[in-house]
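Hi there,

Here is the structure I promised to pass on.

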Amino acid sequence: MDFNEWCTCNNPIKVIGHNCKAFDLDFINKKNIFYHLTNNTLNNNIIDTLALARELKKNNLIQVDNCKQETLARYFNIDYDAH
């Protein structure tokens with residue numbers, strides 16, 4: 001199964017990522033259109049961890065200076081090596 005097949009199958013979660021709604025999703029959809037890979041665009045069932053982190057910060061559920069991946073990784077004590 002290739003990436004597009006996986007994304008368009010009956011998987012309830014299509015994409016999980018940090019800032020994926022503003023960047024990754026647009027990038028994937030543009031490449032799909034350019035290469036005629038699928039008629040479906042990925043636009044639902046997305047978990048954007050940036051939006052989640054901002055909501056947690058706003059409600060004082062996490063205490064961080066910003067919601068960058070690196071900052072959140074430190075806060076949650078996660079080994080982080082960008083992409």
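In helix α2, the buried residues are C20, L25, I28, N29 and N32. Buried here means under 20% relative accessible area, exposed means over 50%, and partly exposed is in between (1.4 Å probe, protein chains only). The helix labels come from DSSP: helices are H or I runs of at least four residues, strands are E runs of at least two, and both are numbered from the N terminus.

Before you go further: this is a predicted model, where local features need pLDDT of at least 70, side-chain atom pairs count only at pLDDT 80 or more, and totals for chains, interfaces and linings use all residues. Residues are numbered from 1 along each chain as its sequence is written, and side-chain values use heavy atoms, with hydrogens and water left out.

How confident is the predictor? Its pLDDT (confidence in each residue, from 0 to 100) averages 83 over the chain, and 75% of the residues score at least 70. Helix α3 (residues 49-58) has the highest confidence, at 97, while helix α1 (residues 3-8) has the lowest, at a mean of 67.

Now the aromatic rings. Searching the whole structure gives three aromatic pairs. One of them is F23 with F27, a stacked pair at 6.2 Å centre to centre and 10° between the planes. To count as a pair, rings of Phe, Tyr and Trp (its six-membered ring) need centres within 6.5 Å; planes under 30 degrees apart are stacked, over 60 edge-to-face, and the rest tilted. Both F23 and F27 sit in helix α2, four residues apart, which is about one turn of the helix. F23 is exposed at 51% relative accessible area, and F27 is partly exposed at 46%. Another pair, F34 with Y35, is edge-to-face, with 4.7 Å between centres and 90° between the planes.

F34 is exposed too, at 57%, and Y35 lies in the loop between α2 (20-34) and β2 (46-48). Together with L37, F34 and Y35 make a nonpolar surface patch of about 370 Å². Patches take residues with over 30% relative accessible area and no salt bridge, joining like charges within 9 Å and nonpolar side chains (Val, Leu, Ile, Met, Phe, Trp, Tyr) within 5 Å. The areas come from the Shrake-Rupley method with a 1.4 Å probe, and for residues only the protein chains shown count as cover. H36, which follows α2, has a positive phi, near 55°.

On to charges: how many salt bridges does the structure hold? There are three, each a side-chain nitrogen of Lys or Arg within 4 Å of a carboxyl oxygen of Asp or Glu.

- D26 and K30 meet at 3.1 Å, N to O. They are four residues apart in helix α2, so about one helical turn separates them. D26 is partly exposed at 37%, and K30 is exposed at 54%.
- E55 and K58 meet at 3.6 Å, N to O. Both lie in helix α3, three residues apart.
- R74 and E70 have their closest N and O atoms 3.6 Å apart. Both are in helix α4, four residues apart; R74 is exposed at 57%, and E70 is partly exposed at 46%.

Last, T71 also lies in helix α4 (residues 69-75). Is T71 buried or exposed? It is buried, at 12%. T71 touches V64 and N66, leaving aside residues up to four places away in sequence; contact means heavy atoms within 4.5 Å.

Cheers!

Methods. pLDDT is the predictor's confidence in each residue, from 0 to 100.
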